[in-house]
Amino acid sequence: MNNININNGLEEVSLEMIKHKITTNVKKYFGKKVEEADSKELYFAVVKTMQDYMAEKWLDSKEAYKKAQEKQVYYLSMEYLMGRMLGNNIINLGLLEVYDKALQDLGVEIDVIRDAENDAGLGNGGLGRLAACFLDSMATLSLPGYGYGMRYRYGFFMQKIVDGYQCEFPDMWLEDENVWDFKKADKSVQIKYGGEVKYVEKKEGGFTYRHENYYTVLAVPYDIPIVGYKNDTINTLRLWSAEAINKFDFQTFSKGNFMDALKEANHASHISLVLYPEDSHYEGKLLRLKQQYFFVSASIQDILRKFKNKHKDFSLLSEKVAIQLNDTHPTLAIPELMRVLIDEEKFSWDQAYDITTKTFAFTNHTILPEALEQWDVDLVKGLVPRVHQIIEEIDRRWNEKLNKIYPNDTNKKEALRIIKDGRLRMAYLSIVCSYSVNGVAKLHTEILKNSVFHDFYTLFPERFSNKTNGVTPRRWLYKANRPLSKVICETIGERWITDLTALQELESYANDTAFKKKVRDAKMLNKQALAAHIMETNHIKVNPKSIFVVQCKRIHEYKRQLLEGLYILDLYNRIKENPDNDIYPQTFIFAGKAAPNYYMAKLTIKFINNLANIINNDPIVSQKMKVVFLEDFRVSLAERLYPAADVSIQISTASKEASGTGNMKFMLNGALTLGTLDGANVEIAEAVGEDNIFIFGLTSEEVLHYYEKGGYHPHEVVSHNPSLEKVMTQLIDGTVSPDNPELFRDIYNSLLHQGGDYYFVLKDFEGLKNKHDEINRLYKNDNMWYNKAIINIARSGRFSSDHTIRQYAKEIWGIQEIVK
């Protein structure tokens, strides 16, 4: 324990050295002794000691990639839901034990230090968390991969629940600055907006383009180290922050126009203030588009700068660079690369287009119409006129191709247009101009090929592939669930940390009584910890021995938190009618954010909290069930929820969920899935077998059939189900909202009237109810329950992000491990 080699023999890191550096840093930065420092100050001091050890590895990794001259991938994502970095980096550096001991010797608990770190406010949901997992895997696999994103000052938003309603506040994650990122002002680039483009005739013939009367914003990069697991590799996530070229107009200020003196600075800073600004008005739409262009223009300029430092021939770009678009938000990178190649590097259109279409790959994450981004062409034209010209030319040439392919099929040509009815369809631009298009689960990819993008698939079948999402086992098991990971390491060793398929060795212990007890004891420790957290934050006392049923994800109608709420209301009714019912105690736990302008999602949150208020305060019912809504769902909260869950609720309307990764995290931590055959649930069911998962509801084929042919009548479903009829009546008779019986009328109407139950909540109610009741009966058989839990853990290996990234690297990017 006294010495751990962490630097390939270059430096021996001793326990005493770490203690000395922590003590020195507390004195140096805060003028205090360790015992006088608060948790934030100790956190800062600890991170500074780690950065001393990381600096050389980070530089070595950059140099290794530079010398190798191999192809590199650049991952463009508007979101990175990184979570707290201290614990993850300590683990990946192989320093967990020595830091634990050092802090213990200094009289400090490491958990206190970890909790002093703010979650980085750089994402919202699965899209951002997937990107973070992918960066972790690229570093762990020593792949030359860089992330590009935005440094949002106030994140998405901080959610507070006030009187049961969601309220949004700024996420002040940068209030103390971010000790993990490093400003690289010398790598700043300029972004140009507005103005007009003029055609200029060249002396040698032909035309060139000149952008005039534009205004400029400075994109300033901040680099965050991404540490690979015990392999001396540290990759980089570069985040862009918007600043003014002229931050302060002294002459204007001197004339007494104080606000005008800061006008340019304020105008620029708006671009990187928040993730996904409200866009129900023109100003919000304009700001979102500004963000997207700011992000991709800065990233493309940076990528090309790096390329030119190593290569002189731009025709080699696609051989040395792959750019992955994480959904449609970075799509403007395509015409931006075209702009640079044509206007600045003087390539012909055909040359630039050939290079561009061999460089970009596109990942689609949704089939929801509202999530398939479209932009008003006039908005694009006014903000980025030269990029608009390039998009129009791509569209014109694409239409010429369509005329040759479908000379007599006007409908087909219109369906495939990139620009239609004055709207720029970002997904279509991405598909046309990328060499690869992938879905993120088998079912999702099949729906893309057979429905959403079927016409494109017919034209370009070779471009489409599936890459099922995955999660990093370092964060989501080894870090988040220390009790269980300790049991696993003691049983089969540590190989699973970088090869998750090794967990299959646990299946031979599924009937081992001693091993089951260890797994059960680990689960109980996690449930006790979560129960304590719930008591501290929500002041609700829950029974750790109850079944922890958890649904934590973005609040959306298709994810059907409402369906789970209706089941809970029905269970409440059954207990009220028969208090002696043999029902095993259950705790229903919800967490998730609704988009600020999403009325029905926010009303669902209120509905769940009203249920909690009624149930938790009923002296009889509360003995059998509790309901908890944990506010401000984020990575650090997720790390409490996944290890403690007994049941994972994954009940999206079939065909709507692209993949999901929360389902994988629950599975990895030994929760059993209650879900529909949607997204990656299909592959989880394949992995564990029908006896180890609880599947119900309409299939995607049945849902799509109803959408196409009709024939679903929610009134009939309700009229034939007395318990459901009672629940529906309670939505509007004051049971759930005594002070305002009409509060949930819009939910009622969406299910029975104007909405027609678009997401099939009522249709799937009875199926969900039956599976919940089956779970309640099974949980009483402790031996059988943990047999199934262990099988779920053992068969989760295919859902590692390491596996997914290996597929991307080999089949899409064409990159390989760089050996240092």
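Biologist: How many salt bridges does a search of the whole structure find?

Modeller: Good place to start! This is a predicted model, in which local features need pLDDT of at least 70, side-chain atom pairs count only at pLDDT 80 or more, and totals for chains, interfaces and linings use all residues. Residues are numbered from 1 along each chain as its sequence is written, and side-chain values use heavy atoms, leaving out hydrogens and water. With a salt bridge taken as a side-chain nitrogen of Lys or Arg within 4 Å of a carboxyl oxygen of Asp or Glu, the number found in the whole structure is 63.

Biologist: Which residue meets Glu212 in a salt bridge, and is that partner buried, partly exposed or exposed?

Modeller: Glu212 sits in strand β10 (residues 207–212), and its partner, 14 residues away, in strand β9 (residues 196–201); helices (H or I, at least four residues) and strands (E, at least two) are DSSP runs, numbered from the N terminus. Buried means under 20% relative accessible area, exposed over 50% and partly exposed in between (1.4 Å probe, protein chains only), so Glu212 counts as buried at 18%. The partner, with N to O at 3.1 Å, is Lys198, and at 40% Lys198 is partly exposed.

Biologist: How many residues apart in sequence are the parts that Arg238 and Asp302 tie together?

Modeller: The side chains of Arg238 and Asp302 meet in a salt bridge of 2.9 Å, N to O. Both residues are buried, and they belong to a network of salt bridges that also links Asp223, Arg305 and Lys306. Arg238 is in strand β12 (residues 234–244) and Asp302 in helix α10 (residues 282–310), so the parts they tie together are apart in sequence by 64 residues.

Biologist: Which residue in β17 is the bridge partner of Asp376?

Modeller: β17 pairs with β15 in the antiparallel sense. Within β17, the bridge partner of Asp376 is Arg423.

Technical notes. Two strands pair if DSSP finds at least two bridges between them.
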